[in-house]
Amino acid sequence: MGLSKAWTKTADDIAKRLPVWRQLNELLRHAKALGPHTALKAEVDAIAAQRSLLAEPDPVRPLLDKSVDLLRQALNAKLQAFEQTFQQQQSQLQQDADWNKLTDAQRADLTGKHNLSAPVALQLGTPEQLQDALDGCDLDHWVSKAQALPNRFEAARHAAVQLLKPNVVHVALPKRTLNDEAELQAWLAEVQALLQAKLQQGPVAL
């Protein structure tokens, strides 16, 4: 009877800790680029090597809590950076003269086509919500999304100009590293000549 109770307790303990263990390992996959990952992973590996999953006190839950705090802070930082970039780009677009000449319907259409809707707030309160958020878009992907925002907004601005002036010519200015006044003047002369040539074809957008 005592042995039966012991087995039952062991089974119950496994049922409680195994999901937490799996969740810990899944979350740690998203923390590989973060500084504390090495120490956390070493502790996880030690639990596996020593087969101490069922040890008392519970060695898994504190590691899960640490991992959740680490990843939540990291993800919130990425979300904040994305939000700031989005707000800056949106503010610039809303001040653009051509954008403001469009109808509400045209602006709504371009906003949808170029995926310029405001970011939706993510729920990160629980480990499950945090894992869902990271599985949907990991830390590196949020960096890439923030970096892509200026191009998306610029494409929408160009599309607005195209609607207003179908014959507009889009011109990319030559890129240079300018070291002194002479190089600046040379670059300005080059840009002026380029734009004058393009203006003969129609309106120019930069």
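Buried means under 20% relative accessible area. All views show a predicted model.

**View 1. Burial and surface of the chain.** Of the 206 residues in the chain, 31% are buried.

**View 2. Secondary structure along the chain.** Eight helices and two strands make up the secondary structure. Read from the N terminus, the order is α-α-α-α-α-α-α-β-α-β.

**View 3. Overall dimensions.** The chain has a radius of gyration of 27 Å. A compact globule of 206 residues would come near 17 Å. Along the principal axes, the C-alpha atoms fill a box of roughly 95 × 45 × 20 Å.

**View 4. Charged side chains.** The chain carries 23 positive and 24 negative side chains. The centres of the two sets lie 4 Å apart.

View 5. Aspartate 98 sits in helix 4, which spans residues 97–101. Its relative accessibility is 15%, so aspartate 98 counts as buried. The cut-off for buried is under 20%. Leaving aside residues up to four places away in sequence, aspartate 98 touches Val161, Leu164 and Lys165.

How values were computed:
Residues are numbered from 1 along each chain as its sequence is written. This is a predicted model: local features need pLDDT of at least 70, side-chain atom pairs count only at pLDDT 80 or more; totals for chains, interfaces and linings use all residues. Side-chain values use heavy atoms; hydrogens and water are left out. Helices (H or I, at least four residues) and strands (E, at least two) are DSSP runs, numbered from the N terminus. The radius of gyration is taken over C-alpha atoms; the globule rule is 2.2 Å times the number of residues to the power 0.38. Buried means under 20% relative accessible area, exposed over 50%, partly exposed in between (1.4 Å probe, protein chains only). Lys and Arg count as positive and Asp and Glu as negative; His and the chain ends are not counted. The place of a charge is taken as NZ of Lys, CZ of Arg, CG of Asp or CD of Glu. Contact means heavy atoms within 4.5 Å.
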